[in-house]
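Biologist: I have a chain to go through with you. Please take my questions one at a time.

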Amino acid sequence: MDWVKIIHLLCVMGWMTSIFAVPRALIYWKREYDRLGEFGPLGDLTIRLYRFSAGLAVIALITGLVLAQFWSWAPWIHLKLALVALLAAHYVWTGKLVIRAKRGEFRESDLFLRIFNEISVVGVIAVLWVVVVKPF
């Protein structure tokens with residue numbers, strides 16, 4: 001079971017990095033688009049990062065469910081999965097922003113994207129708290 005834990009940890013770390021990086025990259029992509037008036041290299045990088053980390057998210061979710069089964073679905077795991085579901089919804093929303101940005105549509109302000117980015121930080125801290133403290 002140790003190999004499942006290691007794979008889970010590595011994939012979670014990769015996905016979390018992207019959860020923080022892609023909204024920030026959208027800010028810089030928007031600025032690049034305003035400056036160039038066209039799709040530039042930053043957009044390509046953002047799309048690739050999102051796509052790659054989506055795969056990591058799937059692996060993290062699968063291995064997380066395997067670990068939940070291994071730990072007999074302890075009560076704290078249900079809270080963790082609910083929080084992860086919220087982070088996944090945030091990530092899907094991020095994907096919609098990326099798709100729109102690819103079409104050259106940047107509706108959100110820099111401030112919105114910064115706040116959107118920080119929401120994920122709060123979510124990740126909540127997940128970490130549940131995993132470390134195991135409140136019930």
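Biologist: Is Trp73 buried, partly exposed or exposed?

Modeller: Buried means under 20% relative accessible area, exposed means over 50%, and partly exposed is in between, with a 1.4 Å probe and protein chains only. This is a predicted model, where local features need pLDDT of at least 70, side-chain atom pairs count only at pLDDT 80 or more, and totals for chains, interfaces and linings use all residues. Residues are numbered from 1 along each chain as its sequence is written, and side-chain values use heavy atoms, with hydrogens and water left out. Trp73 has a relative accessible area of 32%, so Trp73 is partly exposed.

Biologist: Where does Trp73 lie, and what is its phi?

Modeller: Helices (H or I, at least four residues) and strands (E, at least two) are DSSP runs, numbered from the N terminus. Trp73 sits in the loop between H2 and H3. Although Trp73 is not a glycine, its phi is positive, at about 50 degrees.

Biologist: How does Trp71 count, buried or partly exposed?

Modeller: Trp71 is also placed in a loop, the one between helix H2 (41-70) and helix H3 (75-102). Its relative accessible area is 35%, so Trp71 is partly exposed.

Biologist: Which residues does Leu79 contact, leaving aside neighbours within four places in sequence?

Modeller: Leu79 is found in helix H3, and at 28% relative accessibility it counts as partly exposed. The C-alpha atoms of Leu79 and Val130 are separated by 7.5 Å, although the two are 51 residues apart along the chain. With contact meaning heavy atoms within 4.5 Å, Leu79 touches Val130, Pro135 and Phe136.

Biologist: What is the phi of Lys134?

Modeller: Lys134 lies in the segment after helix H4 (110-133). At 40% relative accessibility, Lys134 is partly exposed. Lys134 is not a glycine, yet its phi is positive, at about 50 degrees.

Biologist: How many helices and strands are in the chain?

Modeller: From the N terminus on, the elements run α-α-α-α. The count is four helices and zero strands.
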